[in-house]
Every structure is written in structure tokens, then in C-alpha cells.
Amino acid sequence: MPRMSFAQLLVTQLRDLGVERIYGVVGDSLNPVVDAVRTTEGIDWVHVRNEEAGAFAAGAEARLTGKLAVCAGSCGPGNTHMIQGLYDAHRDGAPVLAIASHIPSAKIGTGFFQETHPEILFQECSHFCEMVNSGTHGTTMLHIAVQTAIAKSGVSVLVLPGDVADEEVDGALTKDLATDLGRVQPAAAPVGRLAELIDAADSVTLFTGAGVRDAREEVLELAERVKSPIGHAFGGKEFMQYDNPYDVGMSGLLGYGACYDAMHEADLVILLGTDFPYSEFLPGPDGKNPPKVVQIDAEASRLGRRVPLDLAIHGDVALTLQAVLPLLTSTKSHRFLHRMLKAHHKALTGVVSAYTKNVERMKPIHPEFVAATLDSLADDDAVFTVDTGMCNVWGARYITPNGKRRLFGSWHHGTMANALPQAIGASKAFPERQVISMSGDGGLGMLMGELLTVKLHDLNMKIVVFNNSSLGMVKLEMLVEGLPDYGTDHEQVDFAAIAKGVGIGSVRITDPKKLTKQLAEALATPGPMLIDVVTDPDALSMPPKISAQQIRGFATASTKIVLGGGVGKMLDMAATNLRNMPR
């Protein structure tokens, strides 16, 4: 092959491996890579306003497509900006390659202008992080970086000094990568032990996470066989909540329904594809007659790190359940499942009656009303990105999954400002699909410059701003700790006017009676649109009667009402499930 610069080889290789774009900000030692993109057909440079946003966008693209996505940062500040989004992508298992350009190699270690040590900086948020020492060395490092990101579903970082990017190389291009990954078959012995535990238990609860994405039918079949309630973490919501006759809701800080009770009152709890971090919500060894706990996960390092296990199974969830189902012999009563479905319906009914009465006439607009209306108007295959904070509550409670919609946020890193840049990546990957950013005013304010990115690329996305002039989740955290909510409330901002100044279509909604019409019109408008909805900052006032012990840490199911801003269509499903249960 003809000699070319390593930067040209890098870009050509990425293009040939299916990468369609690189997100970043041009400048400094990154210039050779950017120029290589300019001269290479089939791959684009997506200019963002902050490298952090570029990393978020790449992470969102990778999560939606399952393919490698790429972002880049220039030396020094470009890299330190990028790290936030890389932490998010890495912790959520998105295969992302970050190109971290570096100062000239001869200057490394001299305290040169903009010098950092990216090979150290990115260690904690990547599976692979190495510096390219020469163009020839770079061909091998590129292959390893890409294969590692794909194989381990996380971030790889290639640290590239600008002078090395300019070096001419004859290195051979990678011919193939292992992109169609195999699945982990569980060992026979633990599967047999699982069958014994299930047969011996009078009551079983299944708790699901994002790892059940390809195991939905197997989970439902097991629930039918053992008459088990199914709960979920936020990561499992989009895969398990819809059309689920065994659904008992979600556990955790944003939880609702009977999931908590179902896990703590069962004889056996099976954790399926979840690395749920809040151990205080999981059944532990304390208490009277604690349930036995089994965990199944394709990543063995996650097994047992949240709660002690009676059985740990390393295996793909679908393959494990396929193996255990033929081994089951006992017949279960409907009694436990029926009781949990009844408790779930009662919990949802109480929440709805407490928080959604007459909301269509209340000013400022209740955010619950906005979320419920958005859910009813959005496309069946819409992609929702959700800001950390109260938007997480609205996403958890109101966005109804159906097997075609996607819903995600910063589930593990929990950073503000994720929704807008993630929507940029989603919109780039699927330009014809409806993409909706559910942004809090705090999150939007933090990376508001990315509105310029949306305008520059004329992205077909809708930015719905829940504008309550408050950091609502932080306020709630302060209140439940008995602290005054200091520094959480701010002056009202007209984000619609800002969007108009940027050149983006916008609407500001203040009248609940006009919400449905104005929101429908905005969602139907082609191209980018910012929908600024002025919402009630006091929608989540504390209930008058709740114990200090319940408040501290949200450690019991009853405190879920604190965050109980309604549950939308889930109440209808709960009622249907209850009616359909055999008596």
C-alpha cells in the first residue's frame, strides 16, 4: 500500500471499520487527524462546542447502534474536557474510541504548554489507554484499542502526539475485527443448583437490569413457570416493563410500586443482568428470614459485589434461563404473585391520586403533566435522552416503553447536562428518527453552548426543557436531610428566547390548557426545536407525615411517595394485570 501519514491511516482504518463520524473540537495537535477526515470520503467530522459533549454524543451513538463510535480531544484542555463524557460512556458499557492528542513527543515531561499526561488521566475511565510512540507502533495500538473497546464494551483511549500523527507509515490495515461477539454459556453445575433453589422456594422474585435486553422472552417464561413478580432497575425498564403481566415496578431512589416488597418478602430473589448499585434496596442477610439471593451476569466481576449471594452464575441471562427451565419440576401457587400485583396496583393508585388531580388546570404547569403528555404524543420509536435529576423521575414514571422506543441517561455516572449532547449523538446516528432530549434547566444551562451544535448540523431533534428555575433533585436531597434548600433556586430564564437567538425554532409554554396543542405542534415541526415548559418547582413537596428514619437515605418503600409524581400509563397496566390474574 502507498505510504501515508499515521493520521491518514487512522482515519482510513476507522472508516473501513464502519465508523461514520468523529465528534470533537479542532485544534493544536489534533489538526493532522482533522485534515485526514477532510480528505477521506465516507467519514465526517462533527464539530461540537465542548469535547465533553463530543464524548457524550459518541457514547449515545454507541449505545444505540451497538457499534464503535469515536470522539477526539486536542492536547491539554481538550482532553480534560473530554473525560466527563468518557466516564459516562465507559460506566454504561458503550464501545467508544477516544483519540487524545498530545503535545510534541520531544516536549513530553518538560512542563510544555498545555501538557498533561493523558495516558494517566484516562486510566480510570477506559479498558485500554496507551500512547503511540511512532507511526509503526500506532498501527498495532489502533487495532488493540478498537478491539478492546468492542470486546469489553467500554472506552479505549489512543494517546497521539501531533508529530507522530504526521509520521509516514506503511503499516498494514486491520483486515478484520471480532465484532459479532459470542455469548457466555453457564457451567452445568450452578445451573443445576439454581433449579434446586427455584424448586425449593415457595415464592420467587425476578429483578432485572439492562443485561436482559436479549433475554426478555426467557424472563417472561420463567416468571410464568414459577409465578414470579418481575421488578426492574432503571436500566431494565425499556426491556421488561412493557406488556409484562408480572410487572411490579422499579426499585431504587426513583422506584415505585411493589418491587421493593416483592424482593424482601420472597423466599428467593434472582438478580438478572443487573449491577444495581444501591445495596440498601436489595435483600441482604439481615432481618428475619432473609431471602436467598442468586445473581446471573455475563460479566463475572459483578457477581456478589452488591450483596452476599447464595449462588453466583457466570453466564448470559438468556442462555442460563434456557438451560434451567427444562430442569424445573415444582408447581408454584399464584398466591405470592397475586398479592404483589395487588400491592403494586394499590401503590400506584395512591401516588396518582396524591399528585395528579386537576393538574391540567394548575399553574405553574406540573412537570408530571408535561411528561405524561410528552409520552402520549411522542412517536412509537422515539429515542428519549434524560437529564440527571428530576428528569430521571419523569422518565422513570412516565415514558412508556414498547419494545421500539429507547430511553437512557447517565445511569451510572450520574452527571448533569448529559441529555442534550446524548441527543446529538442519537440524532446523528438516526437522522430520520424522533429524538427527544428531556432536559432540566440546570443541565441545559451547563452545556447550553451545544445548542449551537444542534443548529450547525440542523439536527432533527426536540429539546424539551423542564424549566422550574431550580435544581429540583438537589433541593429534595437537602430537604430529606433536614437542611434548608440553599443555592438551589435561581432566576427564571427564557430558554425559548435563547434558542431563537441561536436560530433554533422554539416555543415557551406557560398555560397548562395549551400544553397539549403547543407540544404536539412543536414535536411535529421538522428540524431542531426547543420546547421551554415553565414547570412548578414545588411539585415534589415533602409529605407531612414521614419518619426521620424513612427520610434518611430513602431506605424503605414507603418513602418512594416522596418522589411520587404520578406513574402515567403504568397504573392502567397494573390494573389490567390484576384483573387477569387467576383467582
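Reply: Start with contacts, meaning heavy atoms within 4.5 Å. Residues 24 or more positions apart account for 75% of the chain's contacts with a separation of 6 or more. The model is predicted: local features need pLDDT of at least 70, side-chain atom pairs count only at pLDDT 80 or more, and totals for chains, interfaces and linings use all residues. Residues are numbered from 1 along each chain as its sequence is written, and side-chain values use heavy atoms, with hydrogens and water left out.

Me: What makes Ser 410 buried?

Reply: Buried means under 20% relative accessible area, exposed over 50%, and partly exposed in between, with a 1.4 Å probe and protein chains only. Ser 410 has 3%, so the label is buried.

Me: Why is the link from the side chain of Ser 410 to the side chain of Asp 88 called a polar contact?

Reply: A polar contact is a pair of N or O atoms within 3.5 Å. Within protein, one must be able to donate a hydrogen and the other to accept it, and residues adjacent in sequence count only if both atoms are side-chain atoms. The two side chains are at 2.5 Å, so the distance passes. The side chain of Ser 410 also reaches the backbone nitrogen of Gly 414, at 2.9 Å.

Me: What makes strands S4 and S5 a pair?

Reply: Two strands pair if DSSP finds at least two bridges between them. Strands are DSSP runs of E, at least two residues; helices are runs of H or I, at least four; both are numbered from the N terminus. Five bridges join S4 (residues 69-73) to S5 (residues 96-102), so they pair. They run parallel.

Me: Why are strands S3 and S6 said to stand at the edges?

Reply: Six strands form an open, parallel sheet in the order S3-S2-S4-S5-S7-S6. S3 (44-47) and S6 (128-131) each have a single partner strand, so one side of each is left without a neighbour in the sheet.
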